[in-house]
Amino acid sequence: MSKRQYTRAEVKELLGALERQCREASKLAQLAEHEASKHSFGAYRDFRDKVGEFQALVILIEQRLRNLIDARSDDLRDQFEKLDTVMLALLVRASMRFFFVLSANPILPMGAREIFVAELRSLHDAAEKLKRPTYVGKLGPELDRDLETASLILEEIIDKAPSLLNFRGGGGGE
């Protein structure tokens with residue numbers, strides 16, 4: 001059974017959707033930073049949901065680029081990598097700003113544990129992606145520093161509230 005082939009028009013349509021997701025995520029990132037100062041994770045969750053939608057589109061586009069009818073795909077790949085790079089930078093910077101604001105709060109909001117577990121994974125994935133040959137050098141050293149800063153701030157927040165992250169399992173009370 002042969003794999004389905006895709007046209008340039010199909011890939012361009014998905015790239016348009018990817019660009020819209022990127023713009024929407026940027027707006028949500030700004031709102032999340034503002035809301036963090038009010039002890040709220042709601043806007044940040046919305047931002048992360050948008051990033052998840054973006055990442056799902058990334059998977060679809062990568063598959064379509066591999067199975068493109070037209071052998072000429074450099075322009076589409078360039079556009080795709082540019083959008084993916086922009087989103088990666090947005091994710092790292094938004095996380096850093098959100099965690100910075102949150103680290104100043106003495107009381108962490110409900111839902112913090114779930115956010116921290118997801119963010120540790122997300123920052124690790126971002127760091128791994130930055131090591132790929134197609135991304136190395138494209139984002140500059142400041143993004144590596146931002147990623148490191150976000151990780152350090154997250155660790156500081158976790159240190160402030162170690163009881164939030166109980167990885168031992170069990171529900172024994174104290």
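Modeller: In this predicted model, the axes of helix 1 (residues 8-36) and helix 3 (residues 74-103) come within 10 Å and cross at roughly 10°, where axes are lines fitted to C-alpha atoms, for helices over the stretch in contact, and angles run from 0 to 180 degrees between N-to-C directions. Helix 1 and helix 3 are therefore roughly parallel to each other, a term for angles under 35 degrees, whereas those over 145 count as roughly antiparallel, 65 to 115 as roughly perpendicular and the rest as oblique. Their crossing is left-handed, meaning that the near helix is turned anticlockwise from the far one by less than a right angle. The contact of helix 1 with helix 3 is made up of 17 nonpolar, three polar and six charged residues; Ala, Val, Leu, Ile, Met, Phe, Trp, Tyr, Cys and Pro count as nonpolar, Asp, Glu, Lys and Arg as charged, and the others, Gly among them, as polar.

Residues are numbered from 1 along each chain as its sequence is written. Local features need pLDDT of at least 70, and side-chain atom pairs count only at pLDDT 80 or more, while totals for chains, interfaces and linings use all residues, and side-chain values use heavy atoms, with hydrogens and water left out.

Within helix 1 lies Glu-19, which counts as partly exposed because its relative accessibility is 33%; buried means under 20% relative accessible area, exposed over 50%, and partly exposed in between (1.4 Å probe, protein chains only). The C-alpha atoms of Glu-19 and Met-87 are 9.5 Å apart, although 68 residues separate the two along the chain.

Of the 174 residues in the protein, 44% are buried.

Helix 2 (residues 42-66) has 25 residues and should span 36 Å at 1.5 Å a residue, which agrees with the 37 Å between its end C-alpha atoms; the expected span is 1.5 Å times one less than the number of residues. Among the buried residues of helix 2 are Val-51, Phe-54, Leu-57 and Ile-61, and both Tyr-44 and Phe-47 are buried as well. The structure holds one aromatic pair: the rings of Tyr-44 and Phe-47 have their centres 5.7 Å apart and their planes at 45°, so the pair is tilted. Rings of Phe, Tyr and Trp (its six-membered ring) pair if their centres lie within 6.5 Å, with planes under 30 degrees apart counted as stacked, over 60 as edge-to-face and the rest as tilted.

Methods. Helices (H or I, at least four residues) and strands (E, at least two) are DSSP runs, numbered from the N terminus.
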